[in-house]
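Hi,

Here is the structure I promised to pass on. Please have it open while you read; my notes follow below.

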Amino acid sequence: MQIPVDKGLDHTFDLLTEGYHFMKNRFDELGTDIFETRLMGKKMICMKGAEAVKLFYDTSRFQRSGAVPKRIQKSLFGEGGVQTLDGTAHEVRKLMFLSLMTEAGIRRVHQLTLEQWRLQAKKWRSGQEVILFDQAEEVLCRVACLWAGVPLKESEVSQRAYDLGALIDAFGGVGPRYREGRKARERTEEWIRALIEKYRSGAVEGVNHALETIATHRDENGQLLDAQIAAVELISVIRPIVAVARFIVFGALALHDFPQHRLALRADDEFLEAFSQEVRRYYPFTPFLGAMVRHDFEWRGYQFSKGDTVLVDIYGTNHDPKSWNGPEQFNPKRFLEETITPYNFVPQGGGVPARGHRCPGEDVTVAIIKASLSFLVNELDYTVVQDQDLSINMTRMPTLPTSRMVIKIT
């Protein structure tokens, strides 16, 4: 059976102009959950839904090596990082990250987030307007460095937070936006590589922190990671924490748009967890992920050939009516009532972290969101500035409310 084809020579421009809805538009038009297209001159197979995600994370059929475009490695991920590994090399490197995700580590990141929001709020005056997204990136830059054991001077916070944010923002960028991400990658790698070298020389301490874990990690051959690769991996700890600033802003937007949930958030930790998860499902974060076919195989009558690149629609899967009741409604209670699996709920990838390529830091993400929402609901008196554009531009990847959420301290 032939995979439905998106007619045309190349659809890269359409992807850039349609953003998160690029795949949905074609799924709807073709009446399918799978289609073939061409992006950047290359054949791509696009899929969505829980069964597609389950297939996508089958490491016997798919590999990550060769699947991540160089432009993404040179900005968002860095070259040689865990996202591009397979087999034993990936398993050993992934265990390094998983070792950081202890219960004590999760509690610590939650506490650090609360502490840093409180310290940041002390700088604000009554009547002052602040851009929540910018504040969140700086707060989380401090949190990430404290949690990872990365020394950070207060005078450096603004620039480091900006650079880490630029790495994330370059994902779907072209022209100046992408070039800024490349420059930020160079600056950040230089900073962290020097830190790795100092740690190894004994000039810096990092006991029981990510710095120590990564600087002393040995690969599948028993060798220390090259300082450059170690830098890439340490950045892959602190960068995703800063990326949670987007979820924080979406959480604040949800508080604004659905104020009926505020009371429950103050009193019920289980509901706070559900609300945080619904923020991750409902709002746009990761648009899609890619992998490469290892060998020829057939799935549901469709033929996949060795070397094909497959993209799974992350945003579309989180809004798939086959998996979710009323997927376009913001409903935190679904996380208390509906069936949630590693394949239908995939805000940061799918599958099981211990065995595949799913992000190992989701518990950290949720802890940060919960701490931040708790702070906004219970500890900060503010109003949302009315004269601002809170619309979400779905053609921009990654996206945010256009005004980045301006609040006024009361």
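Helix 8 and helix 11 are roughly perpendicular to each other, because their axes cross at roughly 80° and angles of 65 to 115 degrees count as such. Keep in mind that this is a predicted model. The axes of helix 8 (residues 157–169) and helix 11 come within 9 Å. On the helix 8 side, the contact is made by Leu-164, Gly-165, Leu-167, Ile-168 and Asp-169. Their partners in helix 11 are Ile-235, Ile-238, Arg-239, Val-242, Ala-243 and Arg-246.

Now the loops and their backbone geometry.

- The peptide bond from Met-397 to Pro-398 is cis, with omega near -10°. Pro-398 sits in the loop between strand 9 (382–384) and strand 10 (406–409).
- Arg-404 is in the loop between strand 9 and strand 10. Its phi is near 65°, a positive value in a residue other than glycine. Arg-404 is partly exposed, at a relative accessible area of 32%.
- Arg-300 has a positive phi too, near 55°. This residue lies in the loop between strand 6 (297–299) and strand 7 (302–304). Arg-300 counts as exposed because its relative accessible area is 54% and the cut-off is over 50%.

Which loop holds Ile-340? Ile-340 is placed between helix 15 (334–337) and helix 16 (362–378). Its relative accessible area is 32%, so Ile-340 is partly exposed. Setting aside residues up to four places away in sequence, Ile-340 touches Trp-324, Arg-334, Phe-335 and Phe-345. Ser-323 is 17 residues from Ile-340 in sequence. In space, the two are 8.7 Å apart, C-alpha to C-alpha.

Best wishes

Technical notes:
Residues are numbered from 1 along each chain as its sequence is written. This is a predicted model: local features need pLDDT of at least 70, side-chain atom pairs count only at pLDDT 80 or more; totals for chains, interfaces and linings use all residues. Side-chain values use heavy atoms; hydrogens and water are left out. Helices (H or I, at least four residues) and strands (E, at least two) are DSSP runs, numbered from the N terminus. Buried means under 20% relative accessible area, exposed over 50%, partly exposed in between (1.4 Å probe, protein chains only). Axes are lines fitted to C-alpha atoms, for helices over the stretch in contact, and angles run from 0 to 180 degrees between N-to-C directions. Angles under 35 degrees count as roughly parallel, over 145 as roughly antiparallel, 65 to 115 as roughly perpendicular and the rest as oblique. Contact means heavy atoms within 4.5 Å.
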